[in-house]
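Good morning, and thank you for coming.

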Amino acid sequence: MRLLYWFRKALRLHDNPALLAGLDAAAVANPSGSSNTPPTVLYPVFVLDQAYYKHGANRLRFLLQSLHDLDASLRARNSRLLVLHGDPADELPRLLRHLHPTRLAYETDVEPYFRLRDARIGEAC
């Protein structure tokens, strides 16, 4: 399984239910000891879109520090965070075409802006 995980608001590994669910699904798809199934590959990604710039310098600084900490946590596990800049409705489909993951996972967001964005991404994917 090739899982592309789109980090959005939950930027810590230990309290990210969508990531854990995606990894659990990967474990079911690739049970321990199965030699016929390739190992799970995780592509962690964050898309820094224009919406993040509207909240001021202090909030943006905190976000960037959080992304740095997330990347450090991933690097400790032999991975790293890919940070893209732009509209997720453009960037994620492009990345999906490039990486060919078998699954895209992310947490649900109920705010109107994010619900509209997610619908656009769903159509593009």
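This is a predicted model: local features need pLDDT of at least 70, side-chain atom pairs count only at pLDDT 80 or more; totals for chains, interfaces and linings use all residues.

Let me start with the helices. Two packed helices are described by the angle between their axes and the distance between the axes. Our pair consists of helix α3, residues 88-99, and helix α4, residues 112-124. How do their axes cross, and within what distance do they come? The axes come within 9 Å, and the crossing is at roughly 30°. Angles under 35 degrees count as roughly parallel, and α3 and α4 are therefore described as roughly parallel to each other. As for the hand of the crossing, α3 and α4 cross in a right-handed sense. On the side of α3, the contact is made by P88, A89, L92 and P93, while α4 contributes R117, R120, I121 and A124.

I now turn to salt bridges. Side chains of opposite charge can pair when their charged atoms come close. How many salt bridges does the structure hold? There are eight, and I shall describe some of them.

In one of these, R8 pairs with D118, and the closest N and O atoms are 2.7 Å apart. This pair links distant parts of the chain, since R8 is in the loop between β1 (2-7) and α1 (17-29), D118 is in helix α4, and 110 residues separate them. Both R8 and D118 are buried.

Another salt bridge joins the side chains of D109 and K9, at 3.0 Å from N to O. D109 lies in the loop between β4 (103-105) and α4, and K9 in the loop between β1 and α1, so this pair ties together parts that are 100 residues apart in sequence. K9, at a relative accessible area of 45%, is partly exposed.

R117 lies in helix α4 and D49 in the loop between β2 (41-48) and α2, so parts 68 residues apart in sequence are tied together. R117 is buried, with a relative accessible area of 2%, and D49 also counts as buried at 2% relative accessibility. Through shared partners, salt bridges join R8, D49, R117 and D118 into one network.

Let me close with two single residues. A105 has its place in strand β4, and it is buried, with a relative accessible area of 11%. Which residues does A105 touch, once those up to four places away in sequence are set aside? They are L3, L4, Y5, W6 and A18. For A105 and Y5, the C-alpha atoms are separated by 4.9 Å, although the two residues are 100 residues apart along the chain.

The other residue is D71, in helix α2, which comprises residues 57-75. D71 is buried, with a relative accessible area of 15%. Apart from its neighbours within four places in sequence, D71 is in contact with R80 and L81.

Thank you for your attention.

How values were computed
Residues are numbered from 1 along each chain as its sequence is written. Side-chain values use heavy atoms; hydrogens and water are left out. Helices (H or I, at least four residues) and strands (E, at least two) are DSSP runs, numbered from the N terminus. Buried means under 20% relative accessible area, exposed over 50%, partly exposed in between (1.4 Å probe, protein chains only). Contact means heavy atoms within 4.5 Å. Axes are lines fitted to C-alpha atoms, for helices over the stretch in contact, and angles run from 0 to 180 degrees between N-to-C directions. Angles under 35 degrees count as roughly parallel, over 145 as roughly antiparallel, 65 to 115 as roughly perpendicular and the rest as oblique. A crossing is left-handed if the near helix is turned anticlockwise from the far one by less than a right angle, and right-handed if clockwise. A salt bridge is a side-chain nitrogen of Lys or Arg within 4 Å of a carboxyl oxygen of Asp or Glu.
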